[in-house]
Amino acid sequence: MAMEVTHMLLNAQAVDGTVRKHAEESLKQFQEQNLLSFLLSLSGELANEDKPVDSRKLAGLILKNALDAKEQHRKFELVQRWLSLDSAVKAQIKMCLLQTLSSPVPDAGSTASQVIAKIAGIELPHKQWPELIGSLLSNIHQLPAHVKQATLETLGYLCEEVSPDVVDQDQVNKILTAVVQGMNSSEGSIDVRLAATRALYNALGFAHANFTNDMERDYIMRVVCEATLSPELKIRQAAFECLVSISSTYYEKLAPYIQDIFGITAKSVKEDEEPIALQAIEFWSSICDEEIDILEEYGGIFSADSDIPCFYFIKQALPVLVPMLLETLLKQEEDQDQDEGAWNLAMAGGTCLGLVARTVGDDIVPLIMPFIEENITKPDWRQREAATYAFGSILEGPSPDKLTSIVNIALNFMLSALTNDPNNHVKDTTAWTLGRIFEFLHGSTLETPIITHANCQKIIEVLLQSMKDAPNVAEKACGALYFLAQGYEDVDSSSSPLTPFFQDIVQALLTVTHREDAGESRLRAAAYETLNEVVRCSTDETAPMVIQLVPVIMLELHQTLEQQKLSSDEREKQNELQGLLCGCLQVIIQKLGSSEPTKFVFMQYSDQMMDLFLRVFACRSATAHEEAMLAIGALAYVTGPDFAKYMQEFHKYLEMGLQNFEEYQVCAITVGVVGDICRALEDKILPYCDGIMTQLLKDLSSNQLHRSVKPPIFSCFGDIALAIGANFEKYLMYAMPMLQSAAELSAHTSGSDEEITEYTNLLRNGILEAYSGIFQGFKSSPKTQLLMPYAPHILQFLDSLYMEKDMDDMVTKTAIGVLGDLADTLGSNAVEPFLFEAAVARLSAFQTTGVRLVVTNYRISTMESDFLTKEVGGDDAHPSAIFAEVVEGLPHKRKGKNNSVGGNPSHPADAVFCQWQSNECRYSFVEPNESLDVHSVVGPYLEVIIHCREHAYAVQRWEGQDEILPNELVFDELEISRKNADEAEYSLSTNHTEKAYGNFLRISQSKQVHVAQPRFHNSRSSIYTRSLSSLAGKLEVFEDDMKLTHPIHEAIVNMRLRKLMVVDYDYGGDYGGARRGP
């Protein structure tokens, strides 16, 4: 068998296709018939020094592929298969692999390194193969250099495969010691030093503890910096890659080394070979990325306890960093614009310059302008192009005020250069720069417009003329026109400066799509994308021309479907074109469907359009399939219930899309379209729900489907339930256990991995949207009691979520909605016991530091009134009396006052001093260090106004409908300065909570504050509305450190509750406005 395996492995690499195919089939058959023998044979082949190098390499590669796969479901299967193998066989395979590390054949040792790392990635997390790292470290001290090299490679691959928390710190220390010693200049072998340097790159993620130790960090940094000066190019490149990794992973530890690093990088950029210079620039780009993220997250304000302060390395280095980067812009390559994958020193320098501009803002402008002024008119094209590139690079970051005057001067010059400059590179960069101007300095928000009626015509003429230029220039001109159109998306719907030129623009773009060279430089795709944006941002005045565009695009799509006998390349281009045309039709559908007059005219094309989309599905192209499915979703939204006539033919393609595990993006889009169709058809979707729900449940159960599709599937459950209402009953027994299992998984998933955290939040949001849709679907039906058994688990899930530190704002909002939906559907009895038990359990030993209550006349909802009057005050009780009774449980000391509340008898709760005087209210305080019984204060009886981290949300229940104002509070007719409201909103948006708090206090002291009554236009408003009428007053919750907390849960049950301000409304007239007392 050994000879046969060698023969098969060699034949599998034969030039003869027949021989190769037969060998591949033989290997596959061997694997299927006897896996253990197959794996043993491969490991034995790899370890055998007498075997040919080619067969050994392929044996190792096949062995590695038997342990890992790109697809997550396949990878999971292979891991489970390995873990289930006989331990003795696995031990024999691992022994062969470790033996191969000593092979004098470099390819064999390197291949064995990768296989060992794959096995370690499987076994170490399961506490298997504990002796591996010790065994590898013992090899480091052996004399043969090739053994050291292979071992260091193995350690590097191992660190890449294994999570840092799997390896204990003692072993991490030993690994780092071995690796850093291997990098030392005292190491005689270049191959060993290179392997060690590459291994350090992968091991840096394990070195957090070591980088907190000054001596260890200094040693590592010294060795890395020395390696950047190695005479060997590959070692220098690997060392710079380590520096780039350190800059992002350990930014906060770089201050002592940054000056030396600048000297190293500057020397490399000026003098070293391009691969090294590129990495040196990448270091500064990475520093920019870090500082941009920090400044955006913290708003530029840092306190002593900030987790990651900004050291402003870029700002400090600006005087020397900018000249270094400008110098790189002059090192262009002749063919860089024609090569789509080109990346050279000039491009890297320009990219870094753009990041520097975003980091330091206005400070970069005076450093750049002399270079631009000196070079923009020089006869050498390199200098003109570099000056234009520098200008375009700094347009994002500095303030419009700083740039507007400069751009106004430069605009005419650049339009002239785009038309007249003899050099293709200069025109390419000029068109790109114009696009940047229109992207960042053009729009309705700018006080001083760059584009005026005086220059608009010339700009459009130049861009349309440039679309006839070389493909790379034409593509950039299309991009500039894209941003030009986008800047007018917020103008009045009846007019736009582009309206007079609309027909010419559309015709020019269609002409570009028919150019013979439109396949170069993404020109055709750019033209269609620009056409889509021009249509999307068009006004009512151009609607007739958009309608005329419909048959034109439909005809082009029809023609692509008629083409037969195409080569593989032609078929690929055809599929791409079909996707672009379907995408264009989607935008047109959305545009024309947004107003009734155009919608009526457009509907005459809907049947033909649907027929074309169905024909696209037959082409079996994933790209075209995605775009056609999205277009059908838009068509469903526009046609509404009339879409039912297409379902007989379309539902089979819908189910095909849901079954497409391999092209999971198609599956994900199809799931979204199911939601669109549910909203369009409502209960008319019912005949197709069995097939859809069956496939969705199969998708959730499958390990083959990419995990990113599963959160939208849960959301889709909610869409279906919302559409068919109580008819969802027959799916409850299948859907709810899946939701429960996923909820338990998501509630206990946490970690430092940002990707896992992001996915977990998507999963949580999908689950919550499902619950929300189900509750709303069953609301007002006689079958609501079917949901009662699930309420405890849902409430426990919400409770567990509010305790999670990594829950994002979207999950918070959706969770609030679910809590309200649950109470709205099942009644307060479903929520009340949970909230009260949680409050008592968590606050039984709570000590207050002071509580303030502000109360005004409050009109409560029917459900709240029924509960409170029954429990407290009788049928005719005034809301103020009810509230006073609710808070009576607060601890108090007699202060010699009686509380007269709403004309009712006095109450002995001295801590609660609420005296009603024409909608005014006095404050009441609880003495510090007294126990607070929140059980009687905060319950599910009030509506909520929430100020949560970056946003403020106002939710109001009007009579018979729900309203929401997301992201802002609109204060109208203030008797105090509107400045307080603006400052408060700004302070909230930048997390300056203490400032916001002061502004809101000043606002609340005015005699009248009106809150606008917004409309929330969304066919599925469950996330935000329906809900909070069940939940109680208007709460603004602040902690001692003035940081806003999670909204509801903190107000109800969190132990850190300190200050509670309740502000309520008195509705005047026909709910015409809300008046807030001081």
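Helix H35 spans residues 710–724 in this predicted model. Helices here are DSSP runs of H or I with at least four residues, strands are E runs of at least two, and both are numbered from the N terminus. H35 has 15 residues and reaches 21 Å from its first C-alpha to its last, close to the 21 Å expected at 1.5 Å a residue. The expected span is 1.5 Å times one less than the number of residues. Of the 15 residues of H35, 13 are buried, so the helix is largely enclosed by the rest of the structure. Buried means under 20% relative accessible area, exposed means over 50%, and partly exposed lies in between (1.4 Å probe, protein chains only). Gly725 follows H35 and has a positive phi, near 60 degrees.

Residues are numbered from 1 along each chain as its sequence is written.

Helix H34 (residues 689–701) was examined next. Its 13 residues should span 18 Å at 1.5 Å a residue, and its end C-alpha atoms are 18 Å apart, which agrees. Buried residues in H34 include Cys689, Ile692, Met693 and Gln695. Leu696, Leu697, Asp699 and Leu700 of H34 are buried too. Their cover includes helix H32 (644–658), helix H33 (664–681), H35 and helix H36 (729–747).

The largest nonpolar core has 289 residues. Such a core is a set of buried Ala, Val, Leu, Ile, Met, Phe, Trp, Tyr and Cys residues joined through side-chain atoms within 4.5 Å. Trp284, Phe650, Phe717, Ile720 and Phe728 have the most contacts inside it. Helix H16 (residues 274–298) gives the most to this core, with 11 residues. The core draws at least three residues from each of domain 1 (254–300 + 307–333 + 341–396) and domain 2 (735–852). These bounds come from an automatic or database domain assignment. In soluble globular proteins, nonpolar side chains tend to be buried together.

Individual positions were then considered. Contact means heavy atoms within 4.5 Å. Not counting residues up to four places away in sequence, Phe728 touches Met693, Phe717, Ile720, Ala721, Ala735, Ile774 and Phe778. Ile287 is found in H16 and is buried, with a relative accessible area of 0%. Beyond its neighbours within four places in sequence, Ile287 contacts Ser247, Tyr251, Leu254, Phe313 and Ile314. Ile287 and Ile246 are 41 residues apart in sequence and 9.8 Å apart in space, C-alpha to C-alpha.

Ala636 lies in helix H31 (residues 622–639). Ala636 counts as buried at 0% relative accessibility. Not counting residues up to four places away in sequence, Ala636 touches Phe643, Ile677 and Ala680. Thr598, in helix H29 (residues 596–602), counts as buried at 10% relative accessibility.

Across the chain there are 45 helices and 13 strands. Buried residues make up 55% of the 1078 residues. Among contacts between residues at least 6 apart in sequence, 72% join residues at least 24 apart.

The chain averages a pLDDT of 78, and 74% of the residues score at least 70. Over residues 838–1078 the pLDDT is below 50; this stretch has 498 contacts in the model beyond near neighbours in sequence. The pLDDT is the predictor's confidence in each residue, from 0 to 100. Where pLDDT is low, the predicted coordinates should not be read in detail.

Technical notes:
This is a predicted model: local features need pLDDT of at least 70, side-chain atom pairs count only at pLDDT 80 or more; totals for chains, interfaces and linings use all residues. Side-chain values use heavy atoms; hydrogens and water are left out.
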